[in-house]
Amino acid sequence: MADIVPTSAVPHLEEVRDQPSGMPGARLERERDREAVRRTAAYVGQRLLGAAVSLLAVIFTSFFLFRIVPGDPVRVMTHGRPVTIEQKEALAREFGLDKPVFEQFATYLLGVLRFDFGESFQYHRPVLSMVGERLGPTVLLVGASLVVSALLGFWLGLQGAWRHGSTSDRVHTGVALTLWSVPSFWLGLILIVIFGSGLGWFPTSGMKTPGVEGFEAVLDVAHHMVLPLVTLVAVVYAQYLMVMRSSLLDEMGSDYLVTARAKGLRDSDVKRRHAVPNALLPTMTLVFINVGFVLFGAVLVETVFSWPGLGKLFYEGLSVPDLPLVQGLFVIFSATVILMNLISDLLYPIVDPRVRP
Amino acid sequence: MTTNTSSGSARTSPRQLTWARRRRAVATFWREYRRNRAGLFGLAVLSLFVLSALLVPWVVGEEALSVTRPPGEPLQPPSGEFLLGTDRSGRSVLDLVLWGSRVSLTVGFAATFISIAVGGLIGILAGHFHGWLSAALLRVTDWFLVMPTLVLAVALAAVLGRSLSTIIIAIGVTAWPTTARLVRAQTLAVEARPYIERARALGGGHWHVMSRHVLPNVMPIVLAQTTLMVAGAILTESTVAFLGLGDPTVPSWGSTIQAARDTGAVSSGMWWYILPPGIAIALVALAFTLCGRAIEGVLNPRLRSR
């Protein structure tokens, strides 16, 4: 990755201001600043270019995967229905499948770049507007589960590492690893059996009760979200716990913690002010990199709980199969992952001065 | 090392020495592994499942899977005859779970084999050679790395049609980039050591260095990665089957759960239909994960306190 540069750009700026202008030293400092800015720009440019290349690769893959591999999309579309040759030809014309492959790809690429993912085979509506309708619930569910599982995982991992080998550490690690091994869809079904149809505490499907208005509607959505959220968090938080734990364990052998203790700081201060900020760095990036994993978890959880989001849409598209819909969602999911990776790449040098370009 | 002091020094060939060294290494490995109780538990569970997967055709027999002539009434709760009740067509759930271990383990091992073979090869090549080849291989690895693995696997399974081999290929093709990354990093570390320079100076070519020096040093890390990857592959297989994209002709744990859901087992509380396959998936995945962590602990003493 980036080189490790011992001095950061910020202190230079202040030194420059302290010195009278025109001194050779100041000019040197300014020169160095310009160098740092240039390197930062190069780093950002490189990441942006990398993300763009990845995005193109995804678009190409999606075209190849959904147009070329299935052989004849028209056959997939009309699967199980009796159709005449004329109807097939009409369908092929409608979706531009009678044109040469290269032309099809160009049309597709230009469309995707304008967020036009074509029209769903099944509903005969633009994929984008269908995605738009379902975006909100998924963002809500995935966002909430990311926040909750990251906080939970960080907190438990921190406690575990600080008292590693203790009973609570062993129990939490064991529970997290077990939950991580459990298939999310199955966990969701079990939760439905226990808390939904068994105890009747929580609704088991959908996102809201019809006819509920105002502030109560918010509570209603929250009530509906409990079981899906718990399922997603249970499956996801283990990774944060393990990474936070091992990252803090790495830091705990460091000399600066001995120094901090030698200064007479209390144990909680040593942990909070010295160890945790350093241990948090690698874990932070994981939150962004993990979005792909959580998104797929959402496909299953939304399917199980009939949560009206993108994941359920993906499942509905798969069972037809509605190729443009699945293709569009594939590109959108992949693009989200690429975007999150880009954000984490750009954020990391800001948070951690050691890897600043 | 001390070749001439051991008994029969005149007759020990290099080959015998190598094998003696390997035996010693395995013994040391096992001594360290044995100390990890979670790892031993994982190994025990795993042996149990492998055993059941191997023996099930003789113990249960294929006729237990027949839908047209099922052994019992559909959806019966557990009884003396059917310890875990029956499914929607009247087959014993216990027998289904036992047969399912064959599918899960086959998919898990086969998919992992593909991804380890592809990832290992690309990783070693990318680490050994420099210049355009390495850059190109890394680019391809990154290409696959950004794609959401599970989404790609599901999409491939949807597009290629429903069969066990499709699922194996889909998982194998999408899981290799992590291995490639890992192997490349390890290859770079190994090739920086002086004995590689010695091998080169003595006239060892690319193939010699890669197969005789790099590969044996990369294998242990790959082994740990393998066990973790099998757990992931088994979870992915059950997921794909649950989404209805599995092979309809084989009784996989995931498809059993899907069938249970379709039958309405969730709302009518037929726990014996839903619980066993899910517990089996979780147990096998956990067992592989525990083994993988134990192996990592042996290979990397720094991790042992974790």
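Predicted model: local features only at pLDDT ≥ 70, side-chain atom pairs only at ≥ 80, totals over all residues.
Figure 1. About 3,800 Å² is buried between chain B and chain A. Carbon and sulfur atoms give 77% of that area. The contact joins 38 residues of chain B to 44 residues of chain A.

**Figure 2. Polar links across the interface of chain B and chain A.** The rule finds 3 residue pairs in polar contact here, both residues of each at pLDDT 80 or more.

**Figure 3. The side of chain B that touches chain A.** Five helices of chain B each supply at least two residues: α4 (132-146), α5 (149-160), α8, α9 (253-263) and α10. The largest share, 11 residues, comes from α10(B). By class, this side of chain B has 27 nonpolar, 6 polar and 5 charged residues.

**Figure 4. The second largest pocket, with chain B helices in its lining.** The space in this pocket is about 1,200 Å³. Its lining counts 26 residues. Nearest the centre of the pocket lie B:Arg21, B:Arg22, B:Ala25, B:Pro216 and B:Asn217. Helices α1 (14-34), α7 (194-201), α8 (206-242) and α10 (271-299) of chain B each give the lining at least two residues. The lining divides into 14 nonpolar, 6 polar and 6 charged residues. Two of these helices, α8 and α10 of chain B, each supply at least two residues to the pocket lining; α8 and α10 of chain B also each supply at least two to the side that touches chain A.

**Figure 5. The largest cavity, lined by residues of chain A.** The structure holds 2 cavities of 30 Å³ or more. The largest has a volume of about 50 Å³. Around it stand A:Leu281, A:Met284, A:Thr285 and A:Phe288, together with A:Ser344, A:Leu347, A:Tyr348 and A:Val351. Helices α11 (267-289) and α14 (323-351) of chain A each contribute at least two of the lining residues. The lining has 6 nonpolar and 2 polar residues, and no charged residues.

**Figure 6. The second largest cavity, lined by residues of chain B.** This cavity holds about 30 Å³ of space. Its lining consists of B:Ile122, B:Gly123, B:Ala126, B:Leu138, B:Thr141, B:Ala180, B:Arg181 and B:Arg184. Helices α3 (93-128), α4 and α6 (164-191) of chain B each supply at least two of the lining residues. By class, the lining of the second largest cavity has 4 nonpolar, 2 polar and 2 charged residues. Helix α4 of chain B also supplies at least two residues to the side that touches chain A.

Terms used:
Residues numbered from 1 in each chain as written. Chains lettered and ligands numbered in written order. Heavy atoms only, no water. 1 Å grid on protein atoms, 1.4 Å probe; cavity = no way out; pocket = protein on both sides within 12 Å on 5 of 7 lines; lining within 4 Å. Points joined across faces, edges and corners; volume = space filled by probe spheres on them. Helix = DSSP H or I, 4+ residues; strand = E, 2+ residues; numbered from the N terminus. Nonpolar A, V, L, I, M, F, W, Y, C, P; charged D, E, K, R; others polar. Contact = heavy atoms within 4.5 Å. Buried area = accessible area lost by both parts, 1.4 Å probe. Polar contact = N/O pair within 3.5 Å; in protein donor to acceptor, adjacent residues only side chain to side chain.
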